[in-house]
Amino acid sequence: MIPPNASLVKYDNPVLVSRNTDKKTPRAKALKASPTPPSAAGPLPVPPKGKGTPMDAKAAQQTDEILNSILPPREWTESGQLWVQQVSSTPATRLDVVNLQEELDRRLQQRQARETGICPVRRELYSQCFDELIRQVTINCAERGLLLLRVRDEIRMTIAAYQTLYESSVAFGMRKALQAEQGKADMEKKISELESEKRDLERQVNELKAKCEQTEKRAAELRQVEEKKHTEEIQFLKRTNQQLKTQLEGIIAPKK
């Protein structure tokens, strides 16, 4: 028999639930319970509480039911056989508490649990230790055990809430990081497009400046040609005018 992972919670001896592999009748039961040790064929011993009156037996049975509801039995399969192990209902002594503390310290050191910060190993071991303390308290006082159960469930719910919040915050951070990375890529692409557009506009400006300079140079040359032509025409007209004046004076002078 290979027992499940060792726990700080104290359990009774495992009970074998053998599977019926004989298929003689279709109505045969699939499971039948048989205790592991042959000598323990009778009912499980009830912890001694007083003189063993029916009221004590009823209280012990009620305590067992509460223990099973708080700490459900463990089950595992080996070679096609189902084993069940219930939590122990034996009252704990002062020595059991001391041994529990020593075992807790030993397992913390053995599994190399971290002393501070988040550590799943330390959390698991302390959770098992708290369950064992609930078991010990429930045997002596069921109401106190149920109250501790509420405290344990509240702690687990709070831790689960913080874990959910942490996971959601991590997912939110990753989503924002991806969005920022995507936005960065889009921004870089837009910057590249704007730079390309800027180069095209600068090229167009340079071409227009060159055309403008050529146009101004051509206009200046035309203006110089026109001015020279206009000056020559003026000079020609002045000479012609002067010649006409001279001829006219030559014609008028002999008549006098």
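View 1. Cysteine 119 is buried, with a relative accessible area of 7%, while cysteine 212 is partly exposed at 38%. Here buried means under 20% relative accessible area, exposed means over 50%, and partly exposed falls in between (1.4 Å probe, protein chains only). The structure holds zero disulfides, a disulfide being a pair of cysteine sulfur atoms within 2.5 Å. Keep in mind that this is a predicted model, where local features need pLDDT of at least 70 and side-chain atom pairs count only at pLDDT 80 or more, while totals for chains, interfaces and linings use all residues. Residues are numbered from 1 along each chain as its sequence is written, and side-chain values use heavy atoms, with hydrogens and water left out.

View 2. The protein has four helices and four strands, which run β-β-α-β-β-α-α-α along the sequence. Both kinds of element are DSSP runs numbered from the N terminus: helices are H or I with at least four residues, strands are E with at least two. Mean pLDDT (the predictor's confidence in each residue, from 0 to 100) comes out at 80, and 82% of the residues reach 70 or more. Treat residues 20–51 with care: pLDDT stays under 50 there, and the model has 32 contacts beyond four places in sequence for this stretch. A contact means heavy atoms within 4.5 Å. Of the contacts between residues at least 6 apart in sequence, 60% join residues at least 24 apart. Buried residues make up 17% of the 256 residues.

**View 3. The largest nonpolar core.** Eleven residues make up this core: Val9, Tyr11, Ile66, Leu67, Ile70, Leu71, Val87, Ile134, Ile139, Ala142 and Leu149. The elements giving two or more residues to this core are α1 (54–70), α3 (120–140) and α4 (142–255), and the largest share, three residues, comes from α1. Apart from this core lies another of eight residues, including Leu104, Leu108, Ala113 and Leu125. A nonpolar core is a set of buried Ala, Val, Leu, Ile, Met, Phe, Trp, Tyr and Cys residues joined through side-chain atoms within 4.5 Å.

**View 4. Tyrosine 11 with an arginine over its ring.** The charged end of arginine 74 sits over the ring of tyrosine 11, 4.1 Å from its centre. The test for that is NZ of Lys or CZ of Arg within 6 Å of the ring centre and within 35 degrees of the ring normal. Not counting residues up to four places away in sequence, tyrosine 11 touches Pro72, Arg74, Gln85, Gln86, Val87 and Ser88.

View 5. Arginine 135 belongs to helix α3 and counts as buried at 1% relative accessibility. Once neighbours within four places in sequence are set aside, arginine 135 is in contact with Val9, Lys10, Leu67, Leu71, Val87, Ser88, Ser89, Thr90 and Ala92.

**View 6. Two loop residues with positive phi.** Most residues other than glycine have a negative phi. Serine 79 has a positive phi of about 55° although it is not a glycine. Serine 79 is in the loop between β3 (74–78) and β4 (81–85), and counts as exposed at 72% relative accessibility. Glutamine 112 also has a positive phi, near 55°. Glutamine 112 is in the loop between α2 (94–110) and α3, exposed at 69% relative accessibility.
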